[in-house]
Amino acid sequence: MSANLSSMDTIEVMRAIVRREVAMAMRQKGEVLTPLMFFAVVSSLFPLAVGSDSALLLRMAPGVIWVGALLAAMLSLARMFASDHADGSLEQMALSPTPLGLTALAKALAHFLVSGLPLVLIAPILGLQYGLDARGLGILMLTLLLGAPTLSLIGAIGAALTLGVRGAGVLLSLLVLPLYIPVLIFGAGAVEADAAGLGISAHFSLLAAMLALAGFFAPLATSAALRISVE
Amino acid sequence: MSIRDIHWFRFASPPNFYHLAGRLWPYFAALAAVLTLVGLWIGFFVAPIDAQQGQGYRIIFVHVPTSQMSMLIYLVMAGWAAWGLAFNTRLSGMMAAALAPTGALFAFLSLVTGSLWGKPMWGTWWVWDARLTSELILFFLYLGFMALQASIDDPRRADKACAILAVVGAVNVPIIYFSVYWWNTLHQGASVTLKGASMATPMLVGMLIMVLAFWMYAIAVALLRVRTIILDRERHTEWVKHAME
Amino acid sequence: MQWNSLSDFLNMGGYALYVWGSFGATAVCMAAELWLLRVRRLAVEAQLRNDRGISSQNRQEAA
């Protein structure tokens, strides 16, 4: 790029980062598609394991699909900073005038666009396998849409902490999954609550609140963790 | 020498703290032993039988202390971690690392004793009640902390990374607890508690003494462990070489 | 005292497995923690003595 980064407005820098991430992901479609395929395969495992009783599957559906989405989102987290760390561009980002927190925020947003959003889009197809009706599918999609960015933000912290560490992939899962639990409870819970005729506004309010909290604090923690990894 | 004359920050230096810990831990160990004996005596010989749970309720004399301490230790760990991040002191990271295994152990024991309590009372070895489930998640948080520490070779980097993890975890613990509590009230399940209006005074006193006993034990063990960690980390310094003679 | 005999005490009103299991597990785990702590300490001390031996050897060879 011919434009001097420091002369660009911060928002433009963030937009540039997102564009760059998406472009890189498009170049390596395999890395993006594999978690999606994982998501689909995992969702198919549960009926095979527990039997095809449709009532049971219908009850299980929100939980299974949410857990599958969570695991699939986690698979792609390690990529977030690894290639930048390897070729030294992470150090450049740390030294640039753009606050590292905002860089982390942009990276998490890009991760959502590349990994989270496709999950949201194929979730309904998997939901159909479980017999969810249109309303259930709609709520499932909305909860995933609201929850997936939070997963990317929290996951960024884990990705930054485990940069260049032995066994980073599995360690990342261990670190991040307990922190995902509140999002999981309210995301999957919303579909079930609606099916039981209870209100779901509380679920969505809480998911939104968690997104706001994560959006504010996760970039701070992520940038602190990134600085540790590059020093 | 009055309290005001002591320069507290000199204990932030590892060799000074090493010697201070060496002098202090026997007192905490002794307190732990005495409090344990008193607590057990009250728990088994003073506290009466429970109306609903018979003699089985006596598990609370280890279940409650281990639960409380596992949570307290995590907060203290996160506190040391935050201090270390703010002031860049080496010893803070070492204290956090010294506390983690004990906290994890207490979390594990809390789950085991909770399970042993649940089986006779509710018929199953595991109950998905809010407190046990939160305790399980806390145990995972401890494991994550220790795994991250073990996988980073450079001790300073490991300390700082674990410090961030501990602070993030501590911020999340209330959120996790609230979510699990809410989740549990929806799926009305059994609860591992002592029902009844109020606990008999001897039971309460026994329980509190046991909590204190476990607290003293935790401090003693942490002081001992941090001494070993200090020796290990500071091995290239002169004072360690002299200390080993 | 509320226990009529030692066997009553050990029986814990039928809850022996659970009560003694809990206390036993706690005692065992704490003992294990202390023992592992001792093992770790001895290992570090052995390593430090080894380091000292090597460095004094180096000094002798250099002299």
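**Conventions.** I number residues from 1 along each chain as its sequence is written, and chains are lettered from A and ligands numbered from 1 in the order in which they are written. Because the model is predicted, local features need pLDDT of at least 70 and side-chain atom pairs count only at pLDDT 80 or more, while totals for chains, interfaces and linings use all residues.

**Entry 1, chain contacts.** I counted two residues as in contact if their C-beta atoms, placed from the backbone, lie within 7 Å. Of the 2 pairs of chains in contact, B and C share the most contacts. Chains A and C do not touch, and their nearest C-alpha atoms are 23 Å apart.

I took helices (H or I, at least four residues) and strands (E, at least two) as DSSP runs, numbered from the N terminus. Helix α1(A), residues 10-27, has 18 residues and reaches 26 Å from its first C-alpha to its last. That is close to the 26 Å expected at 1.5 Å a residue, the expected span being 1.5 Å times one less than the number of residues.

I called a residue buried if 20 or more other C-beta atoms lie within 10 Å of its own, exposed if 12 or fewer, and partly exposed in between, with C-beta atoms placed from the backbone. Which residues of α1(A) are buried? They are V13(A), I17(A), V18(A) and E21(A). Seen down the helix axis, they fall within an arc of 135°, so they line one face of α1(A); the arc is that of the directions from the axis to the C-beta atoms. These buried residues pack against α6 (100-129) of chain A. On the other side of α1(A), I found I11(A), R19(A), A23(A), M26(A) and R27(A) exposed.

I defined a core as a set of buried Ala, Val, Leu, Ile, Met, Phe, Trp, Tyr and Cys residues joined through C-beta atoms within 7 Å. The largest has 157 residues, and those touching the most other members are A69(A), Y180(A), A225(A), M77(B), A96(B) and L165(B). Helix α6 of chain B (residues 201-233) gives the most to this core, 18 residues. I listed the neighbours of A96(B), not counting residues up to four places away in sequence: M77(B), W80(B), A81(B), C162(B), A163(B) and A166(B).

I found 2 helices and 0 strands in chain C. Its C-alpha atoms fill a box of roughly 80 × 20 × 15 Å along the principal axes. Buried residues make up 13% of its 63 residues.
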